[in-house]
Amino acid sequence: MIAARIHALAVSALAMLALAACAGVTPDDYADEEPEFRIEEYFDGKVMAWGMFQSRTGEVQRRFTVEIDGTVEGDQITLDERFVYDDGETDQRVWEIERIDDTTYTGEAGDIVGTAEGERQGNALNWTYTLALDVGDRTWNLQFDDWMILVDEDTLLNTAEVTKFGFRVGTVTLFFRRADAQGLAP
């Protein structure tokens, strides 16, 4: 009898945890926040970014800077990103993003598996995608769950949870600043 009660309590607790995990933050939670973030406006021109990757234990494993050249033609947004890492390595990613409607975006890039999807509300954009990352002689497909929050017209914060097989690998944090703000042009 006691074992049956413990089992019932355990099942109830697991069900509540599962429901709580599904009740995370959504873009709608930011619908009334300002300033309004529209990627086609923010990334139209030059943008600088500074970032880091932290392991799941919180240790900073890599730091980097990014120069971004953005161009917008109608509903098409192209972001040419050039990375410089703290060890001197360089990389480039070119995003081709399409604005589907007022709040929905899709995107592709050479190292992105399938199509990235984004939803915007208020000052926030939630951007999800799978990145094919070369690690030695293997390629890892890592899932990114990015949250971009516009602080003011020139400043954007981004945090991304990185997972593999549903397990957290680490976190990427980025600080973006429009290049024409305060003479930051590259």
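## Contacts and overall fold

Residues 24 or more positions apart account for 37% of the contacts in the protein chain with a separation of 6 or more. The model is predicted. The protein chain has 186 residues, and 35% of them count as buried.

The protein chain contains 2 helices and 10 strands. Read from the N terminus, the order is α-α-β-β-β-β-β-β-β-β-β-β.

## The loop between the helices

Helix 1 covers 2–22 and helix 2 covers 39–42, with proline 35 in the loop between them.

What does glutamate 36 form with arginine 120? The two form a salt bridge, with the closest N and O atoms 3.3 Å apart. Arginine 120 counts as buried, at 2% relative accessibility.

## Salt bridges

Side chains of opposite charge can pair when their charged atoms come close. The count for this model comes to 19 salt bridges.

Arginine 93 and glutamate 81 form one of them, with the closest N and O atoms 3.7 Å apart. Arginine 93 lies in strand 4 (residues 90–99) and glutamate 81 in strand 3 (residues 76–85), so this bridge ties together parts that are 12 residues apart in sequence. Are arginine 93 and glutamate 81 buried or exposed? Both are buried.

Arginine 177 forms a salt bridge with aspartate 152. Here the closest N and O atoms are 3.8 Å apart. Strand 10 holds arginine 177 and strand 8 (residues 138–152) holds aspartate 152, so parts that are 25 residues apart in sequence are tied together. Arginine 177 is buried, with a relative accessible area of 11%. Aspartate 152 counts as partly exposed, at 32% relative accessibility. Elsewhere, salt bridges that share partners build one network from Glu36, Arg38, Glu40, Asp75, Arg99, Asp102 and Arg120.

## Aromatic residues

The structure holds 11 aromatic pairs. Phenylalanine 83 and tyrosine 85 have ring centres 6.0 Å apart and planes at 5 degrees, so the pair is stacked. The cut-off for stacking is planes under 30 degrees apart. Phenylalanine 83 is buried, with a relative accessible area of 9%. Tyrosine 85 also counts as buried, at 16% relative accessibility.

One aromatic cluster is formed by Phe37, Tyr42, Phe43 and Phe176.

Asparagine 158 is found in strand 9 (residues 155–164). Its relative accessibility is 4%, so asparagine 158 counts as buried. Which backbone oxygen does the side chain of asparagine 158 reach? The backbone oxygen of tryptophan 147, at 3.2 Å. Leaving aside residues up to four places away in sequence, asparagine 158 touches Asp146, Trp147, Met148, Val172, Thr173, Leu174 and Phe176. Phe176 is also a member of the aromatic cluster with Phe37, Tyr42 and Phe43.

Leucine 157 lies in strand 9 too. At 40% relative accessibility, leucine 157 counts as partly exposed, whereas asparagine 158 counts as buried. Leu157 forms a nonpolar patch on the surface with Trp50, Val151 and Phe175. Together these residues have about 330 Å² of accessible area.

Phenylalanine 165 lies in the loop between strand 9 and strand 10 (167–178). What is phi of phenylalanine 165 near? Phi is near 55 degrees, a positive value in a residue other than glycine. Phenylalanine 165 has a relative accessible area of 71%, so it counts as exposed. By contrast, phenylalanine 83 is buried, at 9%.

How values were computed
Residues are numbered from 1 along each chain as its sequence is written. This is a predicted model: local features need pLDDT of at least 70, side-chain atom pairs count only at pLDDT 80 or more; totals for chains, interfaces and linings use all residues. Side-chain values use heavy atoms; hydrogens and water are left out. Helices (H or I, at least four residues) and strands (E, at least two) are DSSP runs, numbered from the N terminus. Buried means under 20% relative accessible area, exposed over 50%, partly exposed in between (1.4 Å probe, protein chains only). A polar contact is a pair of N or O atoms within 3.5 Å; within protein, one must be able to donate a hydrogen and the other to accept it, and residues adjacent in sequence count only if both atoms are side-chain atoms. Contact means heavy atoms within 4.5 Å. Patches are made of residues with over 30% relative accessible area and no salt bridge: like charges are joined within 9 Å, nonpolar side chains (Val, Leu, Ile, Met, Phe, Trp, Tyr) within 5 Å. Accessible areas come from the Shrake-Rupley method with a 1.4 Å probe; for residues, only the protein chains shown count as cover. A salt bridge is a side-chain nitrogen of Lys or Arg within 4 Å of a carboxyl oxygen of Asp or Glu. Rings of Phe, Tyr and Trp (its six-membered ring) pair if their centres lie within 6.5 Å; planes under 30 degrees apart count as stacked, over 60 as edge-to-face and the rest as tilted.
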